[in-house]
Amino acid sequence: MDEIERLSEAIRFRTVAGNWEEFSKLKDFLERCFPMVHSKLKVSKINEYALLYEWDVGSQEAVLLLAHTDVVPASEEGWVHHPFSGDVADGFVWGRGTLDDKSSVMGLLEAVERLLSEGFEPRHNLLLAFGFDEETKGYLGAKKIAEHLQNRKIRIRAILDEGSAIVKGVISKIGKPIALIGIAEKGYASFDLVAKGKGGHSSTPERNTPLERMANAIQRIFRYRSRTVLTRSTEEFLKTLSRLWGFPLNVLLKNPKLTLPLLEPAFSKIPSLNAMLRTTMCVTMINAGVADNVVPEKVVATVNCRIIPGETAEQVFERLKQIVEDLQIEVVKNENWQVSDPVPDTDPNDEFYRILSETIQQTFLDVVVSPYLTVGATDSRHYKSLCQNIYRFSPLIMDRELLETVHGKNERVSVESYKKMCDFYTALMKKL
Ligand SMILES: [Zn+2]
């Protein structure tokens, strides 16, 4: 078996949260694939399905490399190859998890196995930690591994997780691939809006029903623009763009702190840029009504907020209450309220950032490397009390089409791209 066949096989395990026996089977498979890893490293199961691999070389500090074995569900419809086939065809390995995130799981293990067979030893202890519920927030996997490491007082020098990649042809007018290293992460919180009132018969409707008030509130939330916050990550990202873009943006973005007020209206219209500049609020669920002729007495809508570093979930809670204040709507913390405050910027001048950047250049050649604000939530946030030096980067080149396959249909990784991923992790570990 080579690395492509091993990845293909790993995709066949339907490791969707809840299918727990598939996780056990995947673990057994990993044992068969990577005999040296399993004989030379200490391997522990945490909370049954999370995996921790410890490559102890006797150093004071460890570098922690994260990935997750779970995937989001996939229905067969619209896929060229079955989502759990792991088919290798047309130069790609197809299936759920080929980009997010089994390729990282397998790539990291491939790298360790290679290095062990070469007799190589890293400078730092290396820890590989694989959660199993990242897609459902990571409280069973990553959170428990973090607690385990905390209890053992293991000192972590730096953390690498998924959370951004090398994008190509995604940012307008830039042909060169850009490797985005997430040096900060937005926070996550959901709130429920609750409107209550008199029900009744819809043949004689009254005004100001809970539903009408809720409709009003939802509109306000969608129109609301939180204040802009220019994080270090976004400032550096815009500066990188200024070097790649022509006149006049190259001049305008040279000093984003100064010119942001000027650019903000245009940037706010681009969802990806808008998300990098402010806390966003998005109504994602609504629940009301039992029959077409009954006015509902209660309406509940859920607002998912992504919080910019510099603000907190509590502040967003207060803001939401203000937005709907006069509408007789109550704002409550979502039933399974699992807040995570934003993770602030790490220093892009840190040695670990330099190592990452060098390894990217060395593996992918003609790429620009830039700091970046990760707008989604990653497992790494559960480790923030262990180490502030967190980076989010997957060594995969993604164009617009491939990006859409993550959590979508026809997720696939090119054979060439995956081989580079394995090379990247190997080269990186040699520097750690
Ligand atoms: Zn993921």
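Which residue lies over the face of Phe-317?

1. Lys-321 does, at 4.3 Å from the ring centre, and Arg-412 is likewise placed over the face of Phe-92, at 5.1 Å from the ring centre. A charge is taken to sit over a ring if NZ of Lys or CZ of Arg is within 6 Å of the ring centre and within 35 degrees of the ring normal.

2. This is a predicted model, in which local features need pLDDT of at least 70 and side-chain atom pairs count only at pLDDT 80 or more, while totals for chains, interfaces and linings use all residues. Residues are numbered from 1 along each chain as its sequence is written, and side-chain values use heavy atoms, with hydrogens and water left out.

3. A search of the whole structure finds 16 aromatic pairs, where rings of Phe, Tyr and Trp (its six-membered ring) pair if their centres lie within 6.5 Å, and planes under 30 degrees apart count as stacked, over 60 as edge-to-face and the rest as tilted. Among them, Trp-20 and Phe-132 are edge-to-face, because their centres are 5.5 Å apart and their planes stand at 85°. This pair links distant parts of the chain, with Trp-20 in helix α2 (residues 20-33) and Phe-132 in the loop between β6 (125-131) and α5 (142-151), 112 residues apart; helices (H or I, at least four residues) and strands (E, at least two) are DSSP runs, numbered from the N terminus.

4. Trp-20 is partly exposed, at a relative accessible area of 27%, whereas Phe-132 is buried at 2%; buried means under 20% relative accessible area, exposed over 50%, and partly exposed in between (1.4 Å probe, protein chains only). Trp-20, Phe-23, Tyr-49 and Phe-132 form one aromatic cluster.
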